Amino acid sequence: QSTPLALSFASIAIITLLSGPGPGIVASISTGLSYTYVMAPHTVPPPREILHTSIIVLLGIVVTYFSERQTVISGRLADALDTLQVKTDALIEAQQASGSVVWTYDLQRRHIEWAEGGAPIFGRPFDDPSMADLPIQLAVEEDRPALDEAFQNAFANGTPVQIQFRSRLPN
């Protein structure tokens, strides 16, 4: 009996996902009733069978509820991903228009992570090995001490770095 019931619950989940909670509840009730009357088609079911039927219907409704929640949550997730993509595209456009770039620095790995879509800076592509560490070596000699001090203060205090410096292009 467990295999037909498992198939019934799978059918309830599929019906709910494809048609909604109303047909899922109808499928739950019909599964419970068919279980009761297939077991004893021409007699009044004893209280134990009524309890089994009630449990089957309740479990079917629970399956229906979770199936419907999964559908609602996946729709919300898709909407959130669409919104995130729109905002990412706006950030890329803003970076390109302003000639700027966004990046984060991983202290443990001593590695810069460049945000997608930034304007080319320093005359080098972002995947160039010289762009993986802090840009101190790319600064003009006389700007390096101030740049180094700004980074050291940021690392010590956990504050953001906002500094301007001059750099020489590779050519």
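## A β-hairpin and helix α4

Strand β1 (residues 103-106) pairs with β2 in the antiparallel sense over four bridges; strands pair if DSSP finds at least two bridges between them. Helices (H or I, at least four residues) and strands (E, at least two) are DSSP runs, numbered from the N terminus. This is a predicted model, in which local features need pLDDT of at least 70, side-chain atom pairs count only at pLDDT 80 or more, and totals for chains, interfaces and linings use all residues. Residues are numbered from 1 along each chain as its sequence is written, and side-chain values use heavy atoms, with hydrogens and water left out.

Four residues separate β1 and β2 in a hairpin, and Arg-110 in the turn has a positive phi of about 50 degrees. Thr-104 stands opposite Glu-113 in β2. The side chains of β2 alternate between two faces, as tabulated here; buried means under 20% relative accessible area, exposed over 50%, and partly exposed in between (1.4 Å probe, protein chains only).

| Residues of β2 (111-114) | Side chains |
|---|---|
| Ile-112 and Trp-114 | one face, buried |

In helix α4, the buried residues are Leu-147, Phe-151 and Ala-154. Seen down the axis of α4, its buried residues fall within an arc of 60 degrees, so they line one face of the helix; the arc is that of the directions from the helix axis to the C-beta atoms. Turned away from this buried side is a face with the exposed residues Pro-145, Glu-149, Ala-156 and Asn-157. Just after α4, Gly-158 takes a positive phi of about 70 degrees.
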